[in-house]
Amino acid sequence: MAAQPDPTDSPIALPINLVLIGFMGSGKSSIGRILATKLGFHLLDTDALVVEAAGMQITDIFAWKGEEYEAKALAYLVDRNAKGAVVATGGGIVTRESNLPLLHRLGFVVELTASEEVIFERVSRNKARPLLHTPNPRETVSELLARRAPLYAAAADYTLDTSTKSHIQAADEIIAEARRRCETGAR
Ligand code: S3P
């Protein structure tokens with residue numbers, strides 16, 4: 001008899017894309033990868049689209065025209081009517097007001113947050129973030145976070161603090177909330 005698929009391996013059905021927003025180091029890429037695996041979705045990353053389109057490294061692009069490219073990447077995903085996708089966005093996506101309706105057209109907008117200490121600890125492990133190539137990166141994180149936190153919150157359908165959660169725990173909570181909202185029609 002042919003092997004039957006193990007139902008525990010089947011992707012979880014979700015009739016909507018998930019769009020992850022949040023500050024650098026909030027966990028968008030790592031949690032996005034797990035979400036995509038659990039749901040059997042594609043992981044689309046606006047930073048990766050920008051790098052591909054511009055043929056430059058993210059460090060060079062963002063010193064130049066990053067936000068403009070990122071808005072184009074977002075518009076491209078909306079035009080393409082992307083389905084079955086987890087979209088991880090760059091931290092600056094909410095700084096353009098015109099991006100906000102596009103985020104909502106793409107799917108359920110999830111804001112990932114973390115405490116300033118956790119953010120700083122996470123971003124310190126990866127030096128490829130041009131915005132933090134400053135004389136005092138700790139202060140830069142603090143200032144940027146204070147400026148942007150209200151923008152992420154205002155753009156989100158749902159907010160999850162990832163400071164003390166494993167990536168898997170965070171992914172499970174996001175899926176449960178997205179399903180609940182889809183079932184109840186609330187978003
Ligand atoms: C940026 C965040 C980065 C990247 C670029 C600008 C920002 O993405 O898009 O360096 O303005 O916060 P991550 O949030 O994925 O690190």
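Predicted model: local features only at pLDDT ≥ 70, side-chain atom pairs only at ≥ 80, totals over all residues.
Author: Residues are numbered from 1 along each chain as its sequence is written, and side-chain values use heavy atoms, with hydrogens and water left out.

Reader: What makes α2 roughly perpendicular to α4?

Author: Helix α2 (residues 46–54) and helix α4 (residues 66–79) pack at about 105°, with axes 9 Å apart. Angles of 65 to 115 degrees count as roughly perpendicular, so α2 gets that label against α4.

Reader: Which residues in α2 and α4 meet?

Author: Contact means heavy atoms within 4.5 Å. On the α2 side you've got Thr 46, Asp 47, Leu 49, Val 50 and Ala 54; on the α4 side, Tyr 69, Glu 70, Ala 73, Tyr 76 and Leu 77.

Reader: How much space lies in the largest pocket?

Author: About 780 Å³, where a volume is the space filled by probe spheres set on the grid points, joined across faces, edges and corners. A pocket is an open set of points on a 1 Å grid over the protein atoms alone, where a 1.4 Å probe fits, with protein on both sides within 12 Å along at least five of seven lines; lining residues have an atom within 4 Å of a point. Here 29 residues line the pocket, and Met 24, Gly 25, Lys 28, Asp 47 and Arg 129 are closest to its centre.

Reader: And what is the volume of the second largest pocket?

Author: About 160 Å³, with 13 lining residues, including Asn 17 and Leu 106.

Conventions
Axes fitted to C-alpha atoms, helices over the stretch in contact; angles between N-to-C directions. Helix = DSSP H or I, 4+ residues; strand = E, 2+ residues; numbered from the N terminus. Parallel < 35°, antiparallel > 145°, perpendicular 65-115°, else oblique.
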